[in-house]
Amino acid sequence: MMRISEEYLKLHPCAIGGSEKDKWKWFENCIGPLDGTHIPVTVSAEDRPRYRNRNGDISTNVLGVCDPDLKFIYVLSGWEGSAFWLRVSRDHALARDNPFQVPSDKYYLVDAGYANGQGFLAPYRGTRYHLNEWTGNNQPETYKELFNLRHSIARNVIERSFRLLKKRWSILRTPSFFDIKTQIRIINACFVLHNFIRLEQHNDPVLEDQDLGFLASMDHEISNHSTLEGNANRITSVQVTDQWTTFRDTLAL
């Protein structure tokens, strides 16, 4: 699985069509949404403090990016559960030997926990954002709320992708008792298999069952309201800048 991972888990152009096209038309040059998830692991007693997350569970942080078709295009697993997502993306993903690619003319959608800096477009803080805040007859009242709503609708695909991954592979829902290196390899293999299934199986009963859930129904209700090329210049750090703040304001307006 590791040998073929580069064929099934890589940055790639994505042709967006149907209802997904309506969600993403507001975010030209966006590569995809970026987020993290915790996956339970078993580690030695001396390593438990580093892997203990904010909920008190022992886990590894997994940073992921997916495309609108729920396929993952980047995965970084193995970071201790005590680390925050911003630190993982800033201090590890961007600085590693095989770095996370952030072309200077592209960007990722991230949540409010990330800095709104070049290459990472975050929502406005202190403004309604999550989809459950927009049910019923709630309508955006300001340009910032409208921006946050459309940002949330598009970025919801990464949450659906993580939920589908864990729903399909039960080994990702409970800690196994292999050594930590093998556990990380198993996690990576599950991501590769996830992408293989997304490519080869057009009708996915696991996804269909998941989409009957509350979040998918809400996503559909709210939706009724409203080429990645090679680049030698890439971003190597995440910094808040006046230029990027202006870019977000201009896009929102």
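**Entry 1: E145 and R128.** By salt bridge I mean a side-chain nitrogen of Lys or Arg within 4 Å of a carboxyl oxygen of Asp or Glu. The pair links distant parts of the chain, 17 residues apart: E145 is in helix α5 (residues 143-168), and R128 is in the loop between β5 (120-121) and α5. Helices (H or I, at least four residues) and strands (E, at least two) are DSSP runs, numbered from the N terminus. E145 counts as buried at 13% relative accessibility, and R128 as partly exposed at 21%. Buried means under 20% relative accessible area, exposed over 50%, and partly exposed in between (1.4 Å probe, protein chains only).

**Entry 2: the model.** I noted that this is a predicted model, where local features need pLDDT of at least 70, side-chain atom pairs count only at pLDDT 80 or more, and totals for chains, interfaces and linings use all residues. Residues are numbered from 1 along each chain as its sequence is written, and side-chain values use heavy atoms, with hydrogens and water left out.

**Entry 3: D69 and R198.** I then found a salt bridge between the side chains of D69 and R198, at 3.3 Å from N to O. D69 lies in the loop between β2 (59-66) and β3 (72-80), and R198 in helix α6 (residues 180-200), 129 residues apart. D69 is partly exposed at 32%; R198 is buried at 11%.

**Entry 4: R168 and D204.** Here the closest N and O atoms of the salt bridge are 2.4 Å apart. R168 is in helix α5 and D204 in the loop between α6 and α7 (205-210), so the bridge ties together parts 36 residues apart in sequence. Both R168 and D204 are buried. Salt bridges with shared partners join D67, D69, K71, R168, R198 and D204 into one network.
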